Amino acid sequence: APRLAEAFARAENPAERSDILRLEVIWRYGGLYVDVDFECLQPFEGLHRRHSFFAGVSNVGAFELNNGLFASSPRHPVMGFLREHVARPWPEWGH
């Protein structure tokens, strides 16, 4: 993904690179990512059985998927969309 590699190269700090890298790894192999400062209150198994993609929602006053907790099957379309758009300015995302 040229845009993803471009975004990684332009990242200004390790946190940005981590965000981009986890997007690629989960898109490619599938799996669950959870930041270390999250507290797990119940198993994720039920969500995994019912959904091929899920994510936390941020509490920033607007609807926003949280990249600190998400899971996906390999090559899920939502992950593909995020992967292709991560290097684009927000207004170009088509929302």
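User: Before we start, what should I know about the numbering and the model?

Analyst: Residues are numbered from 1 along each chain as its sequence is written, and side-chain values use heavy atoms, with hydrogens and water left out. The model is predicted, so local features need pLDDT of at least 70 and side-chain atom pairs count only at pLDDT 80 or more, while totals for chains, interfaces and linings use all residues.

User: At what angle do helix 1 and helix 2 cross?

Analyst: Helices are DSSP runs (H or I, at least four residues), numbered from the N terminus. Axes are lines fitted to C-alpha atoms over the stretch in contact, and angles run from 0 to 180 degrees between N-to-C directions. Here, helix 1 (residues 2-10) and helix 2 (residues 14-29) cross at roughly 155 degrees, and their axes come within 9 Å. Helix 1 and helix 2 are therefore roughly antiparallel (angles over 145 degrees).

User: Which residues of helix 1 and helix 2 meet?

Analyst: Contact means heavy atoms within 4.5 Å. L4, A7, F8 and A9 from helix 1 meet R17, I20, L21, L23 and E24 from helix 2. Sorted by class, that contact has seven nonpolar residues, two charged and no polar ones. (Ala, Val, Leu, Ile, Met, Phe, Trp, Tyr, Cys and Pro count as nonpolar, Asp, Glu, Lys and Arg as charged, and the others, Gly among them, as polar.)

User: How do helix 2 and helix 4 pack?

Analyst: Their axes lie 10 Å apart, at an angle of about 145 degrees. On the helix 2 side, L23, E24, I26 and W27 meet M79, G80, L82 and R83 of helix 4. By class, this contact has five nonpolar residues, one polar and two charged.

User: Is L21 buried, exposed or partly exposed?

Analyst: Buried means under 20% relative accessible area, exposed over 50%, and partly exposed in between (1.4 Å probe, protein chains only). L21, in helix 2, has 48% relative accessibility, so L21 counts as partly exposed.

Technical notes: Helices (H or I, at least four residues) and strands (E, at least two) are DSSP runs, numbered from the N terminus. Angles under 35 degrees count as roughly parallel, over 145 as roughly antiparallel, 65 to 115 as roughly perpendicular and the rest as oblique.
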